Amino acid sequence: MSLRDWLSMALRIHIVEDSVYVRSYLMQAIAAIQDVEVTGYSEEADKAVELIGMQRPDVVLLDLALKEGSGLSVLRQIKRLVPAPLVIVLTNHAEGVYRSRSMLEGADYFFDKSLEFELALETIGDISSAGIESIEKAD
C-alpha cells in the first residue's frame with residue numbers, strides 16, 4: 001500500500017461499551033467526525049479482545065465496566081497486539097486508582113464519562129485530523 005493510499009484511509013475505531021444508549025450516542029457522534037469509521041463494537045471483554053484482534057482498528061474506545069469481564073483485562077490483552085491500537089478509556093470509574101491502573105496497563109488517553117465525554121470525542125477528531133500516520137503504535 002502506498003503512502004497516499006494509507007493517508008486516505010479513515011481512522012478505524014472499535015467501541016467497547018455495554019450501555020446500548022451510550023454506544024448508540026458514540027456511534028452517531030463518531031460518524032459525524034470526518035475520516036473516522038466505527039469498525040465494530042463489543043459489550044463483553046472476551047468478544048472485544050477477539051474482534052479487536054481480527055479487525056485491527058487504529059483506535060479502541062474502551063469502557064472499564066462491561067457486562068462480562070473487565071475493561072482493564074481488555075486493555076492489557078490488546079496492548080500486546082503488534083501493532084497495538086491506540087486506546088482511549090472513557091468510563092464512569094474515573095477515580096485515581098482506575099486512571100493510574102489504566103495508564104499503567106497502556107491506555108493512551110483516559111476520560112471521565114460524566115465530565116469529559118465531549119473532550120474524548122474531540123480527541124478522536126484531533127487524532128483523525130493529525131492523520132493515521134501520526135499514531136504511535138507499540139513495537
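**Lysine and helix entries**

I first looked up Lys79, whose side chain reaches the backbone oxygen of Gly106 at 3.4 Å, a polar contact (a pair of N or O atoms within 3.5 Å, one able to donate a hydrogen and the other to accept it). The model is predicted, so local features need pLDDT of at least 70 and side-chain atom pairs pLDDT 80 or more, while totals for chains, interfaces and linings use all residues. Residues are numbered from 1 along each chain as its sequence is written, and side-chain values use heavy atoms, without hydrogens or water.

I placed Lys79 in the loop between helix 4 (71-78) and strand 4. Leaving out residues up to four places away in sequence, I found that Lys79 touches Ala84, Pro85, Leu86, Val87, Glu105, Gly106 and Asp108, with contact meaning heavy atoms within 4.5 Å.

I then turned to helix 6 (residues 117-130), whose 14 residues should span 20 Å at 1.5 Å a residue, which agrees with its end C-alpha atoms being 20 Å apart. Its buried residues are Phe117, Ala120, Leu121, Thr123, Ile124, Gly125, Ile127 and Ser128, where buried means under 20% relative accessible area with a 1.4 Å probe, protein chains only. These buried residues pack against several elements, among them strand 1 (11-16), helix 2 (20-31) and strand 5 (109-112).

Last, I checked how helix 2 and helix 6 pack, and noted an angle of about 40 degrees with their axes 11 Å apart. The contact is made by Val22, Tyr25, Leu26, Ala29 and Ile30 of helix 2 and by Phe117, Glu118, Leu121 and Ile124 of helix 6.

Note on methods
Helix = DSSP H or I, 4+ residues; strand = E, 2+ residues; numbered from the N terminus. Expected span 1.5 Å × (residues − 1). Buried < 20%, exposed > 50% of the residue type's maximum accessible area, 1.4 Å probe, protein only. Axes fitted to C-alpha atoms, helices over the stretch in contact; angles between N-to-C directions.
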